[in-house]
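Biologist: Could you walk me through this model, starting with its surface and ending at the ligand?

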Amino acid sequence: MHILACVKQTPKSDNVKIDPATGCLIRSGAESAMNPFDEYALEEAVVLKEQLGGQVSVITMGPPAAENVLRDSIARGADKVYQLSDMAFAGSDTWSTSYALAKGAEKINEAQKIDLIICGKQTNDSDTGHIGPQISAWLNWPNAAFVKRVVKADEQCIVVERLTESGTEILQLPYPCVISVVKEISNPRVRSVKGRMAAKRAEVVKWTADDIGADKNKLGIQHCPTRVVKSFSPQRNTNAVVVDGANGKEKAAKLVALLKENKYI
Ligand SMILES: Cc1cc2nc3c(=O)[nH]c(=O)nc-3n(C[C@H](O)[C@H](O)[C@H](O)COP(=O)(O)OP(=O)(O)OC[C@H]3O[C@@H](n4cnc5c(N)ncnc54)[C@H](O)[C@@H]3O)c2cc1C
């Protein structure tokens with residue numbers, strides 16, 4: 001079983017600030033770490049490897065400093081790590097990012113067939129939840145998003161339970177396939193001393209856009225289809241209006257009038 005986990009380096013805290021002048025995330029000075037959901041994705045990959053045998057590879061697309069999350073992945077049980085890093089990727093939206101990751105996966109797949117790609121549900125900075133399903137679309141592999149439990153996995157297929165808006169559903173996917181996982185999937189382990197030592201020594205395979213045969217017309221801020229018109233931190237407004245009345249009926253009537261007055265209804 002060859003599992004590829006996708007991990008992203010993101011700001012350590014959820015308190016991501018936006019520069020009001022440029023509309024960009026303020027990354028300088030912000031401590032970075034593995035995106036929290038990716039810890040769960042990687043842990044599940046390592047658990048499946050322990051159950052079924054095989055190898056866990058990890059890929060990230062990001063600036064040179066993103067190498068740190070790959071070394072961290074080795075400390076957490078990964079075997080091989082790949083970094084896509086090139087100015088051609090800069091400013092990519094999710095369409096371009098997932099394209100690059102899919103091209104990277106294709107290259108890894110050529111050397112060693114991938115059975116399963118595992119992503120986190122979403123990141124704590126851009127937070128779109130697009131990347132897993134988009135990778136599956138680029139590769140034309142089946143996808144299950146919001147996976148909370150692996151019911152069964154063997155050499156032939158994987159059976160997963162995924163969250164839906166109304167409950168859960170069980171899906172059986174043939175390999176190769178892509179899943180994105182929620183936090184219920186696993187409990188990330190504590191990094192072992194042996195793992196930390198291996199992380200220091202590990203080779204990080206670094207690829208540019210040319211190395212993965214990516215079409216540069218699909219990469220970077222010049223070519224991605226998304227245009228961010230404006231980004232801003234919402235103002236916190238603590239002004240509250242208490243709707244008073246003699247009884248529930250009167251309060252409800254006042255509330256409806258207030259909502260109408262402010263054109264909410
Ligand atoms: C116009 C535009 C410009 C942008 N410019 C920049 C920019 O200059 N710099 C910048 O950093 N971001 C930029 N972004 C944001 C960037 O496109 C997204 O962060 C990126 O596409 C990943 O999306 P996400 O964080 O929403 O991931 P999600 O879809 O929420 O993540 C789901 C899962 O996909 C995997 N994943 C996501 N991203 C990666 C990754 N890079 N490597 C490996 N696995 C991953 C992880 O498993 C993650 O849990 C820009 C976005 C837009 C729309």
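Modeller: Gladly! Val256, Tyr264 and Ile265 make a nonpolar surface patch of about 350 Å². This is a predicted model, where local features need pLDDT of at least 70, side-chain atom pairs count only at pLDDT 80 or more, and totals for chains, interfaces and linings use all residues. Residues are numbered from 1 along each chain as its sequence is written, and side-chain values use heavy atoms, leaving out hydrogens and water.

Biologist: Is Tyr264 buried or exposed?

Modeller: Buried means under 20% relative accessible area, exposed over 50%, and partly exposed in between. Tyr264 has 66%, so this residue is exposed. Tyr264 is found in the segment after helix H7 (248–261), helices being DSSP runs of H or I with at least four residues.

Biologist: Which backbone atoms lie by the ligand's oxygen atoms?

Modeller: A polar contact is a pair of N or O atoms within 3.5 Å. A backbone N or O atom of Cys6 lies 2.7 Å from a ligand oxygen, one of Asp127 is at 3.4 Å, and a polar backbone atom of Gln122 is at 3.5 Å. The ligand alone exposes 940 Å², of which the protein buries 84%.

Notes: A polar contact is a pair of N or O atoms within 3.5 Å; within protein, one must be able to donate a hydrogen and the other to accept it, and residues adjacent in sequence count only if both atoms are side-chain atoms. Accessible areas come from the Shrake-Rupley method with a 1.4 Å probe; for residues, only the protein chains shown count as cover. Patches are made of residues with over 30% relative accessible area and no salt bridge: like charges are joined within 9 Å, nonpolar side chains (Val, Leu, Ile, Met, Phe, Trp, Tyr) within 5 Å. A salt bridge is a side-chain nitrogen of Lys or Arg within 4 Å of a carboxyl oxygen of Asp or Glu. Helices (H or I, at least four residues) and strands (E, at least two) are DSSP runs, numbered from the N terminus. Buried means under 20% relative accessible area, exposed over 50%, partly exposed in between (1.4 Å probe, protein chains only).
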